[in-house]
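Trainee: Could we go through this chain together? I would like to start with its overall layout.

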Amino acid sequence: IVLGMAFRPRFTQKMQAQGTPTISGYAPLTVQASLSPSGGVSPFTYEIDWGDGTTSNSNNAQHTYNTPGTYTVTGKITDSLGVSAPASATVQVLPA
């Protein structure tokens, strides 16, 4: 929590691993991230870095990993005053 603004990450995939810091599954693995502000001053901006060179500016985004490996997914919410709240999770993609 940063200055009353909370970031609640929810990462989901086929195995229903919601809210866990590590998600694993077989390639191709589709992961969904939802960013949800609590507090702060709207409007908000959202950024999700999928850890493989791609990003999203949505508060609810989906991404598919085709290459096995371990990725750190980082989400960040920034309010209109420039206050940011980051969070991250690890995604482990196993060979099919």
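Mentor: From the N terminus, the elements run β-β-β-β-β-β-β-β-β-β. The chain has 0 helices and 10 strands, where helices (H or I, at least four residues) and strands (E, at least two) are DSSP runs numbered from the N terminus. This is a predicted model, in which local features need pLDDT of at least 70 and side-chain atom pairs count only at pLDDT 80 or more, while totals for chains, interfaces and linings use all residues. Residues are numbered from 1 along each chain as its sequence is written, and side-chain values use heavy atoms, with hydrogens and water left out.

Trainee: What is the strand order in the open sheet of 5 strands?

Mentor: The order is S3-S10-S9-S6-S7, with mixed pairing; two strands pair if DSSP finds at least two bridges between them. Strand S3 (22-26) and strand S7 (55-56) stand at the edges with a single partner strand each, so one side of each lacks a neighbour in the sheet.

Trainee: How many bridges join S6 to S7?

Mentor: There are 2 bridges, and S6 and S7 run antiparallel. Asp49 has Thr55 in S7 as its bridge partner.

Trainee: Where is Thr45, and which residues does Thr45 touch?

Mentor: Thr45 belongs to strand S6 (residues 45-49). Leaving out residues up to four places away in sequence, Thr45 touches Lys76, Ile77 and Thr78; contact means heavy atoms within 4.5 Å.

Trainee: Is Thr78 buried or exposed?

Mentor: Thr78 is buried because its relative accessible area is 16%, and buried means under 20% (exposed is over 50%, partly exposed in between; 1.4 Å probe, protein chains only). Thr78 lies in strand S9 (residues 69-78). Its side chain makes a polar contact with the side chain of Ser84 at 3.0 Å; such a contact is a pair of N or O atoms within 3.5 Å, where within protein one must be able to donate a hydrogen and the other to accept it, and residues adjacent in sequence count only if both atoms are side-chain atoms.

Trainee: Changing topic, which residues touch the most other members of the largest nonpolar core?

Mentor: Of its 15 residues, they are Val31, Ile48, Trp50, Tyr65, Val73, Val91 and Val93. A nonpolar core is a set of buried Ala, Val, Leu, Ile, Met, Phe, Trp, Tyr and Cys residues joined through side-chain atoms within 4.5 Å. Strand S4 (29-34), S6, strand S8 (60-65), S9 and strand S10 (84-94) each supply at least two residues of this core.

Trainee: And how much of the chain counts as buried?

Mentor: Of the 96 residues, 36% count as buried.
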